[in-house]
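Hello,

Here is the structure I promised to pass on.

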Amino acid sequence: MIATTDADFRFLQQFLYERSAIVLGEDKHYLLDSRLPPVLRRVGSESVSDLVRALRRGDPSLETAVVDALTTNETSWFRDGAPFEALRRHVLPELVAENSLRRCLSIWSAAASTGQELYSIAMLLDAEFPEVASWRLDLHGTDLSTEVIERARTGRFSALEINRGLPAPFLVRYFRREGAHYVIADSLRSRVRFEQLNLVKPWPPRQDYDLILLRNVLIYFDEPARRRVLAAVRDHLRPNGYLVLGTAETPRGLVGGLVAVSAAGATFFRLEQAGDAASGRPAFAQAGAERAMPAGSGAGEASGKEEG
Amino acid sequence: MTDLVSIETITEIAQSFWEAFLPDGAELQPGSGPLAAEEIRGRVDIDGSWTGSVELSCSLALARRVASAMFCVEEEALDPIDVRDAVGEIVNVVGGNIKSILPPPTSLSIPVVDEAGPDPGATGIERTGTQLESEVHLSSGGEPVVVRLWRSAGPAVG
Amino acid sequence: MTHALVVDDSRAMRSLLRQVLERLGLEVSEAGDGRAAIAAISAGPLPDVTLVDWHMPVMDGLELVTEIRRHKEWRRMAIMMVTTEAEHESMVRALLAGANEYLIKPFTPDAVIEKLCILGLEPGARQTTANGGSAA
């Protein structure tokens, strides 16, 4: 257990907020315990106070390391199961059918981390939708952390990472051994692109997407940042596109113009269209399926909001 | 032939055992720890296209710490046989992962574990006809861990 | 209650897996080699999943998987290899022999949970459940 004074914790809260709009809640002390030790070793100390002193002095590479350590999240293949099952059975078949004339498909993993989410989709497309192989595919991954984006680009994973939720037949089919590591097949790696992007800062111009995955990111933001990011993401959905959030996240109460649809135990969001309320869209489920979603994502997370 | 399995790879494999199985900061870091007063060694043999063995030695104190985590009991409650079992599993996992990098086909033996003093000559593990291919010094919480890769003369290769 | 049989010659590894599985609310039994596992399964009741190490004395993991799959009445039991055998060739052999999933040692507790989910064995005591609450 790392001892942290209240003052140091508040400094780290503020520091993280200014750089990433991420709110380090009072209940997140454990994050310091699990994430900071490697950074502490870097400054040759076991005390958070020393780290805070070093940050106050200003050290850009240390700042990046702290932001990376506190924001980089555990990730796994086909994370949470249900959304991917819904993608496989409902969402992707529909998008592939709708786009069969355009022969284009664009998918954005907006908190891509080390790439598992986007590569999972690439594997799913390759295994189940062979027709898209000749399409213009844009599989795009972005993340706040440059370090994880670099790793995502390599497509190289440790055995510990490979163990996380990747079904054995996919491992055998899409990865090769390289020393103690596993490297994703070039045929998949050449189809994805990764770049650094801070969601809360202005975005460079980008296209619209058929599918946007923005999972387990909003929970870290305060409410104004949630609204801003959700509105921008919504505005980059194609007319028949789908948005996936984390299981505890919803746009309800934050931005309008999105309706929930559910499939195979997962919830997706689509652009609201004029006729929605009356007729419902030809989607796979009722648009009124906004049940069982906690109001306001990650209630209790935004505990630093009275600051300043 | 040492480049078949680099020092970095051996280090990383050993570190992943610590990372996965030993919670909360008990990391394994490169670099020598102090010589242990009491040492425990485990070994697995690899046979096939590459013949030799992987040996892991560490201080008895560290072995007890690992066993305590794996068995989820206080160190005082550990039986010596538990400590040997835990060291056997470390060397099985480290050796098995090293084996999986070598060109196939190879097979892995069941681990053997021995307690010994700091003098390598005192171990019961036979070393005749083998040569040391790599030696990696690591430490965890100030306690030493050494992984050695021994290569047997083995059957003549081409 | 989901029942898991852990087959490994290392008592330390069995203990470690037991801790992970019991924390997920599974009932756990153990066997130290393939033959002991066959005896345990024969004695019943049939486990929902058997976790199988590869290198064991008496009867190794691959032989055990092959033997289990000879018994039609045990077909609904899932088998997950838990082993250091990380080569593709080994994985393919185990899958062809009838294993359903494959976990490489070392592994984190989360990896065990995720593999159980792939096998359709949603652990009861997951910290984050997939369906949120049941509030209407």
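Which side chains meet in a salt bridge (a side-chain nitrogen of Lys or Arg within 4 Å of a carboxyl oxygen of Asp or Glu) at 3.8 Å, N to O? They are C:Asp110 and A:Arg164. The count between chain A and chain C is two salt bridges.

Some ground rules. This is a predicted model: local features need pLDDT of at least 70, side-chain atom pairs count only at pLDDT 80 or more, and totals for chains, interfaces and linings use all residues. Residues are numbered from 1 along each chain as its sequence is written, chains are lettered from A in the order written, and side-chain values use heavy atoms, without hydrogens and water.

**The interface**

In chain A, 19 residues are in contact with 21 residues of chain C (heavy atoms within 4.5 Å). Together the two chains bury about 1700 Å² (accessible area lost on being put together, 1.4 Å probe, summed over both). Of that, 58% is on carbon and sulfur atoms.

**Helix α4 of chain C**

This helix (a DSSP run of H or I, at least four residues) spans residues 88–97. Its buried residues (under 20% relative accessible area, 1.4 Å probe, protein chains only) are C:His88, C:Ser90, C:Met91 and C:Ala94. They lie on the same side of α4(C), because they cover an arc of only 160° around the axis (taken from the directions from the helix axis to the C-beta atoms). They pack against α10, β4 and β5 of chain A, and against α3, β4 and β5 of chain C (strands are DSSP runs of E, at least two residues). After α4(C) comes C:Gly98, with a positive phi near 125°.

Best wishes

Note on methods
Buried < 20%, exposed > 50% of the residue type's maximum accessible area, 1.4 Å probe, protein only.
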